[in-house]
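Good morning, everyone. Today I want to talk about pockets. Let me put the structure up.

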Amino acid sequence: MSTTQEIKVEQAAMKRDFYHLIINGEKIKSSSDETIKVYNPATGELVAEVAKASKEDADRAVSAAREAFDNGKWKKYPVGRRAQVLNKIASIMRARFNELVELEILDTGKSIHAAQGQVMQAIEDFEFYAGAIVGHRGTVNNVPEQFHNYTEKEPVGVCAQITPWNYPMMMAAWKVAPAIAVGCSVIVKPASLTPLTTIILGEICLEAGVPAGVVNIIPGSGAEVGDYLVGHPQVDKVAFTGSTPIGKDIMAKASQSLKRVTLELGGKSPNLVFNDADIDAAVDGSLFGIFYNSGQSCEARSRLYVQEDIYEEFMSKFVQKAKAIKLGDPFDKGTHMGAIIDQRQLDTIDSYVKSAVEDGAEILAGGHVAKPEGFENGFWYEPTVIANVNHDMKAVKEEIFGPVVVVMKFKDEKEAIKLANDTEYGLGSAVWTKDGAKATRVANGIQAGIVMVNCPFSAFPGTPFGGYKQSGFGRELSIESLDLYTETKSILSYYGSRPLNPLGV
Ligand code: NAP
């Protein structure tokens, strides 16, 4: 069979009833024969079954990654050749864009707008790192005469990459692209709820020419297989995106062998609207900031603070538009907001809203489980706006991870910064003002990895993404990520003619 024919067969089969693990370049079933059932959150219908990796499978994946890293050719390729393969991955993804979008929607219930943007960003990540790796290199340093010092950026080794369910395709790309760009081998463990596009990404990597063993994909239980990978003696680095409590466990476990760790964790990001802002732009940007991806975003701006003298005007527009957000068929371009990932998350969201009401808050919009027509068996929640809150309330302090925003007034710049920083998290934040000097002061005062000024978007390929405080550490999506997948080796040599005898013996 020619390569072209093979690709055609693969393309036709992207949507399937069953998905395999990818270990050492092969599509295989689980050693335990167990499977994960994947449901469409918008409808509650079964989408597919996926091989569920056991610890034995994890061992095989680690061995394959180890062999590929220690004795394989990938890390020895000239950098331009690795870049070529990354670009090829991107071009296959572009050619199969609609299929990837469809699969991501079926797997997550997100709206087509969200899925299209995220798949496109995943493609651009590979293109970004194909370019970035070419300029990523060590340095030549100043040392005393007759010495020479330079540094090499060496790939860190075998990386376990554990991803969440909210942005499956994008999170996999954020991790796989920089790691393989520098020559690492990876074992990706996607979230059990959303493994499909990550498996397809693994297949695309092979099709594009990534050698066997460099990219392994093993869906499986986080508590079992994820935890096993974190403690595995043959794993050099763990890159984790997920909740803060699990991130803490991972850090503790990885410390036993001093594995390199990057953690992209939860958030409760503030959104500050000043009285000199373009109010209509701030309303639209703040709506996007919380309701995009059904609020299931780590950097969702879920705490909205509005300066007191524009509060009434701003809130009247904001609430009106929140009520106009359309839920329904995720494949319909007129749908604004997709489903919630599963019943458990839906219950969590609802319990936070109920707790706010019990604590005396006022619901200005939403506040209930939704049942869009034709999608009654799926998991949906109304876009919800909650006022009359304070910082002691659970719904204000904790990450809800759903389409729920809490709103408060502030008096002045000083109070806005104080409120923004009154959280254990530090991931995203947004500032709306026409005063450039104020925007700069506030951006400097906020303790967060990302500040969006008059802008609802948190990142593009090339902009560092990561947190302060309990939102984790390390940066993804940027040049810095290449450093986090490499070790710096310093080579110091002497070229003088006199032998060196520092002890004088
Ligand atoms: P999660 O429950 O922490 O799970 C994340 C991943 O970790 C999943 O693959 C999960 O596997 C696995 N896992 C669970 N227990 C584990 C353990 N003991 N050891 C190793 N791995 C384990 O988070 P989630 O509910 O999927 O995602 C939502 C969270 O992710 C939110 O807090 C959100 O803010 C955060 N997030 C952060 C960023 C960022 O860049 N900062 C981006 C996106 C999401 P299973 O699926 O099998 O449980």
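Helix α8 gives the most to the lining of the largest pocket: five residues. Keep in mind that this is a predicted model.

Let's stay with that pocket. How much space lies in the largest pocket? About 1,100 Å³. Its lining is made of 40 residues. Nearest the centre you find Trp165, Gly242, Ser243, Ile246 and Arg344.

Now the elements. Those that give two or more residues to this lining are α8, at 222–231, β11, at 237–241, α9, at 244–254, and α12, at 343–358.

What about residue classes? In the largest pocket, 18 lining residues are nonpolar. Another 11 are polar, and 11 are charged.

Next, the second largest pocket. Its volume is about 500 Å³. Here 27 residues form the lining. Which of them are closest to the centre? They are Gln121, Met170, Tyr292, Phe457 and Ala459.

Three helices come up here. α5, spanning 112–132, α6, spanning 168–182, and α10, spanning 279–291, are the elements that give two or more residues to the lining of the second largest pocket. Which element has the largest share of that lining? It is α5, with five residues.

Classes again, for the second largest pocket. Its lining has 15 nonpolar residues, seven polar and five charged.

To recap. The largest pocket holds about 1,100 Å³, and α8 gives the most to its lining.

Conventions. Residues numbered from 1 in each chain as written. Predicted model: local features only at pLDDT ≥ 70, side-chain atom pairs only at ≥ 80, totals over all residues. Heavy atoms only, no water. 1 Å grid on protein atoms, 1.4 Å probe; cavity = no way out; pocket = protein on both sides within 12 Å on 5 of 7 lines; lining within 4 Å. Points joined across faces, edges and corners; volume = space filled by probe spheres on them. Helix = DSSP H or I, 4+ residues; strand = E, 2+ residues; numbered from the N terminus. Nonpolar A, V, L, I, M, F, W, Y, C, P; charged D, E, K, R; others polar.
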